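Please keep the sequence and the model at hand while reading.

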Amino acid sequence: ALSDQMVANGQTPWCHWMFSGGATGWLGTDWIEDLLLSAEGPAVYDAWVAHDVVFQDPRVEQAFTQFMFMVNTDGYTFLRDFVTGIFFGFNAYPLADEECLMHRQASFFASFITGEGFDVADFDTFGFPPVDPAHDDAVMGGGDYVAALDQSNDVKRVVQFLTSAQFGRSVIAPQGADLGWILPHARFNLVSYGSELSRSWAELAKAAILADQFRFDGSDLMPPVVGSWADEGVPGAFWTGIVDLLDGIRTLPEVLADIDAAWPTP
């Protein structure tokens with residue numbers, strides 16, 4: 001509805017540039033993950049990640065259909081013909097120039113805004129709208145891990161610190177700027193974030209964690225041959241499927257069947 005309103009006002013809703021080298025399809029997989037999680041909820045999402053719900057399932061197909069609708073509808077996408085050919089970080093430019101008004105992206109995109117010389121304060125953000133209001137708190141994201149290779153007491157204390165709210169107060173609070181990441185700790189005081197942009201992301205993540213509706217990036221959890229790199233730098237089936245759909249090389253039924261066929265057998 002918001003996109004239609006923008007088109008009616010003579011504006012272009014979406015920046016969709018997605019080029020990312022051999023990983024070009026990942027921005028599209030993020031769309032699919034958000035759409036499926038916010039439509040069907042964590043249980044179906046978890047089953048899909050495990051391939052107990054297949055890509056050819058109607059619920060997953062609907063997420064792909066909605067994604068393609070958001071890209072292909074007349075007037076929705078700025079420079080549609082270049083969606084898979086222009087580096088995704090450059091979306092900061094048409095956003096800043098208001099040539100398009102929205103871009104679905106992760107929190108680290110703040111580094112591209114500042115890296116290109118734009119003021120983060122000129123940008124705003126909102127949570128991905130739920131397909132089903134029952135999943136209003138659903139958030140999909142990535143994460144960093146702490147791995148300890150030593151069981152000494154000193155190492156244990158370091159790990160405990162890194163997973164505490166105190167770590168956030170020591171690292172995030174003094175920066176006074178956007179680091180492009182947030183602390184996944186429900187007791188961390190969100191006032192400590194250096195900008196409204198980071199704080200808004202942190203509020204969404206905190207609500208999702210407390211509601212048990214935060215889920216890790218689905219394609220990252222899938223076998224590499226599906227979700228990331230198949231072999232020797234060859235993109236996985238999910239990535240290549242997104243690119244082929246956007247470029248009109250394969251149909252949606254073909255892509256879904258090919259991704260299911262790429263899934264390793266037990």
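Asp 57 has a relative accessible area of 15% in this predicted model, and it counts as buried because the cut-off for that class is under 20%. Its side chain meets that of Arg 59 in a salt bridge, with 2.9 Å from N to O. Arg 59 is partly exposed, at a relative accessible area of 34%. Asp 57 can also be set against Asp 74: these two are 17 residues apart in sequence, and their C-alpha atoms are 28 Å apart in space. Asp 74 belongs to the loop between H4 and H5 and is exposed, with 72% relative accessibility.

**Salt bridges**

The structure holds 7 salt bridges.

| Asp 34 | Arg 104 | 2.8 Å |

Which parts of the chain does the salt bridge between Asp 34 and Arg 104 link? Asp 34 forms this salt bridge with Arg 104, and the pair links distant parts of the chain: Asp 34 sits in helix H2, Arg 104 in the loop between H5 and H6, 70 residues apart. Both Asp 34 and Arg 104 are buried.

Asp 46 is partly exposed at 36% relative accessibility, whereas Arg 215 is buried at 15%. Together with Asp 212, these two residues are linked in a network of salt bridges.

**Helix H2**

Helix H2 covers residues 26-40, 15 residues in total. From its first C-alpha to its last it reaches 21 Å, close to the 21 Å expected at 1.5 Å a residue. H2 is mostly covered, with 14 of its 15 residues buried. After H2 comes Gly 41, which has a positive phi near 90°.

**Loops and backbone angles**

Most residues other than glycine have a negative phi. Leu 79 is not a glycine, but its phi is positive, about 50°. Leu 79 lies in the loop between H4 and H5 and is partly exposed, with a relative accessible area of 40%. Glu 98 also has a positive phi, of about 60°, although it is not a glycine. Glu 98 is found in the loop between H5 and helix H6 (110-115), and it is exposed, with a relative accessible area of 61%.

Is Gly 89 buried or exposed? At 0% relative accessibility, Gly 89 is buried. Its place is the loop between helix H4 (58-72) and helix H5 (92-96). Gly 89 and Lys 156 are 67 residues apart in sequence, and 38 Å separates their C-alpha atoms.

**Surface and interior**

Val 146, Val 158, Phe 161 and Leu 162 form a nonpolar patch on the surface, with about 300 Å² of accessible area together. Val 146 is in the loop between strand S1 (139-141) and helix H7 (153-162), and is partly exposed, with a relative accessible area of 43%.

Inside the structure, a search finds 3 cavities of 30 Å³ or more. The largest cavity holds about 40 Å³ of space. Its lining includes Leu 183, Pro 184, His 185, Lys 206 and Ile 209.

Notes: Residues are numbered from 1 along each chain as its sequence is written. This is a predicted model: local features need pLDDT of at least 70, side-chain atom pairs count only at pLDDT 80 or more; totals for chains, interfaces and linings use all residues. Side-chain values use heavy atoms; hydrogens and water are left out. Helices (H or I, at least four residues) and strands (E, at least two) are DSSP runs, numbered from the N terminus. The expected span of a helix is 1.5 Å times one less than its number of residues. Buried means under 20% relative accessible area, exposed over 50%, partly exposed in between (1.4 Å probe, protein chains only). Patches are made of residues with over 30% relative accessible area and no salt bridge: like charges are joined within 9 Å, nonpolar side chains (Val, Leu, Ile, Met, Phe, Trp, Tyr) within 5 Å. Accessible areas come from the Shrake-Rupley method with a 1.4 Å probe; for residues, only the protein chains shown count as cover. A salt bridge is a side-chain nitrogen of Lys or Arg within 4 Å of a carboxyl oxygen of Asp or Glu. On a 1 Å grid over the protein atoms alone, a cavity is a set of points where a 1.4 Å probe fits but cannot get out, and a pocket is an open set with protein on both sides within 12 Å along at least five of seven lines; lining residues have an atom within 4 Å of a point. Grid points are joined across faces, edges and corners, and a volume is the space filled by probe spheres set on the points.
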